[in-house]
Amino acid sequence: MKLDLVRGMPQKMIPILVILLAFTGTGLKPSDSSEREYFSIAKNIELLGDVYRGVSDNYVDDIDPAEFMYAGIDGMLETLDPYTVFLDKEESLELGELTRGQYAGVGIRISEIAGDVYIVSVFDGAPASQAGLRVGDRIVKVDKHLIEGKELDEVKDFIKGPVGSKVVLSVERYGRRRNKRYTLVRQEVRVSSIRYAGLFGTTGYFEMSSFGNRSADELTRAINDMHAAARLGNRTMNAVILDLRNNPGGLLDVAVDVTGLFVGKGSQVVSTRGRDLESEVSYRTAKEPVVKGLPLVVLINGNSASASEIVAGAIQELDRGVVIGDRSFGKGLVQSVVRLPFDCALKLTTAKYYTPSGRLIQKEHDWTDGSRDVLKEETKGNDETVYYTVNKRKVYGGGGILPDIEVEADTLGDYEASLRKDGMLFRYANKYRASNDSLPEAGIDRKFLMQDFDSFLKNEGFVYQTEPALLLKEVKRAIEEEPEENTSGTIDTLIASLHNEVERLAEKGKSNESETIALALEQEIMRHFDEEAARRSMIEGDPVVKKALAILKDSREYRGILSP
C-alpha cells in the first residue's frame, strides 16, 4: 500500500537488525543492482555490526544496547528525508489510526495551554460529550496519573485504551470549587476528515483536514447533505469551495478519489516515478464525478502538503477550478509501508509525485546537515520550467502548487500572539462560560467585554512585552554590569527616554489591534458554547474565503481565469 502521511511523524527508530530483515525476506525487493553493489552492502553490514559490537563491549561507560542502536538508525535515516522512518509497535498502531480516522477513546481533543492540559474540542455523541465534559475543562488526573509535568503525547496515551475499558478523568472547571471525576467507557471514536461543511449563500464550503480511508465517502456525503440543505431553504447549491489549507495529506488513492468527485471519469490525476525509469505509474479517476460542472475553488496554503497538493495540482491543470491562497508546502515524496516482525513497520520513500503536466510536486529542501552525501543523484524540484494546463494556461515548476490567485491569510498581530501564547483568550473564555449559561441573544457588548478582559489580564498578572522592550532590558542589564561607563548619568536619561517610547509604541500597537482582539475573543467565547457556530464565524471573516466567494459570484472573472 502506497502511503503519504502527515509531516511531523515521530522519529524514533528500531534496531538495525530490522533494517537487515527488510533486505532479507520481508517483501521489500531492491531494484536491479550489480553484484558489486551487493558485495558492498554485505561488506558494510559486517563492518556496521563489528563497530556496534566493539563499542557496546568496550566503551569506557556502560551503554544501553537498544538506545545505542536507535541512535545509529537515527543518524543513518536522517541522511535521506524526514519521511523514511521505522515505526515501533505503538507508532505503527498510531499510523493505522491516522489512516482509518478512528481510535478507541472518549472523544476529546486536548492541547497544552500555558503549561496545563485542557480539553479544546468535544465530539458530539462520544462518551465525553454524554458525560458532560466541555471545552475549557482542565485535565488534572487520568486514572492514577497526575498530569502536571507530563508531555501531551503521554497524556493522550493515558486516555486511550481498549474498547469497553474504563478511564477516570479528574478535571478542574473554572468557577467550580472542587475537581470532578468522570468515569468514561472507551469506545471506537470516528473522526471525520470534513472539519466543517456549510452553505454560504449558494456556495457550498467544505473544509478537509486529512485524507484517510473514508475521506472521499465523507466528502461525498457532505456534498449531498449540502444539496439537501439548500433545497430545504428553497435554494440551489451552485458553486463549491474545497478548503485544503493546513491539510498535511494522507493516502494517495484517496487523493485520486477526491479529485474524481469533481473531474471526468478517466482523468489523469497524478503519476509516481521511482528509482527505475520504467517504474512510472499513472493514476486516473475511476468513477463519474459527483459535482458536475459547478464552479469550483480550491484553497491551499504553505501547510497544504502531499495529497492536498495532488488534488490542487490536478484541479488546476485540468482547468476544473481556480486555486487560491499561498504556494503549497511541496511534499511530493511517496511512502510505501512495509510490515515487519513484532508489529513494527518501515515507512520508506519509494517514489515522487508529478502532476498531469509533469511538474514535480517536491520542493527542494535542505534536510540534512551531515558530513556525508549518501545520495548519488537527486531530482531537483525548484526549477522554473513552464508547464501548461489543458487550456494552455501557464503554470510553473519550483515545487509545491502555485495558486492561480495569491491571497495572504490574516496574520496574528504581536499583541494577539502574546495573548494566545499565554492562553489568555482561552482562559478568559473559560471564565465567561462559567458565569453565563448562554450567549446573549443581542450579542456580546464589546465595550464591556474589553473592559472586563483588561481587568482579567491585570488580575492574572499578564504583562505585554514587545520585542523592543525585551531588547531594551538586555541593554539595561549590560550597562548595569559596567557602571563606570555611566558616571554622568547620560545613558540613564537615554534609557528612560527609550523606555517611554517603547511603552508608547506598545500601547499604540494594542490600540491598533483592539477590534481584532475583540473579534477573536468573541469567537473564542462562542467556541466554548458552540464549536460549529464559532467555526462558521471564523470562516465568514476569512479574507481568502471572501476572495473565493467573490470569484465564484463573478462568472465572467471565473471563466476568464480558466480560459484566458
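Mentor: The buried residues of helix H9 are Ala307, Ser308, Glu309, Ile310, Val311, Ala312, Gly313, Ala314, Ile315, Gln316 and Glu317. Buried means under 20% relative accessible area, exposed means over 50%, and partly exposed lies in between, with a 1.4 Å probe and protein chains only. H9 covers residues 307-317 and is mostly covered, since eleven of its eleven residues are buried. Just after H9, Asp319 has a positive phi of about 55°. Helices (H or I, at least four residues) and strands (E, at least two) are DSSP runs, numbered from the N terminus.

This is a predicted model, in which local features need pLDDT of at least 70 and side-chain atom pairs count only at pLDDT 80 or more, while totals for chains, interfaces and linings use all residues. Residues are numbered from 1 along each chain as its sequence is written, and side-chain values use heavy atoms, with hydrogens and water left out.

In the whole protein there are 18 helices and 22 strands, and of its 564 residues 43% count as buried. The mean pLDDT, the predictor's confidence in each residue from 0 to 100, is 87, and 89% of the residues reach 70 or more. Over residues 5-28, however, the pLDDT is below 50, although this stretch has 63 contacts in the model beyond near neighbours in sequence. Contact means heavy atoms within 4.5 Å. Among contacts between residues at least 6 apart in sequence, 71% join residues at least 24 apart.

Gly149 lies in the loop between strand S7 (145-146) and helix H6 (152-159), and is exposed, with a relative accessible area of 75%. Val117 is 32 residues from Gly149 along the chain, and their C-alpha atoms are separated by 9.8 Å.

Pairs of helices come next. Two packed helices are described by the angle between their axes and the distance between the axes. Axes are lines fitted to C-alpha atoms, for helices over the stretch in contact, and angles run from 0 to 180 degrees between N-to-C directions. Angles under 35 degrees count as roughly parallel, over 145 as roughly antiparallel, 65 to 115 as roughly perpendicular and the rest as oblique.

Helix H15 (residues 514-529) packs against helix H16 (residues 531-540) at about 150°, with the axes 6 Å apart; the two are therefore roughly antiparallel. On the H15 side the contact involves Gln523, Met526, Arg527 and Phe529, which meet Glu531, Ala533, Ala534, Ser537 and Met538 in H16.

For helix H17 (residues 543-553) and helix H18 (residues 555-562), the angle is about 95° and the axes are 5 Å apart, which makes H17 roughly perpendicular to H18. Lys547, Ile551, Leu552 and Lys553 of H17 make this contact with Ser555, Glu557, Tyr558 and Ile561 of H18. By class, the contact of H17 with H18 has four nonpolar, one polar and three charged residues. Here Ala, Val, Leu, Ile, Met, Phe, Trp, Tyr, Cys and Pro count as nonpolar, Asp, Glu, Lys and Arg as charged, and the others, Gly among them, as polar.
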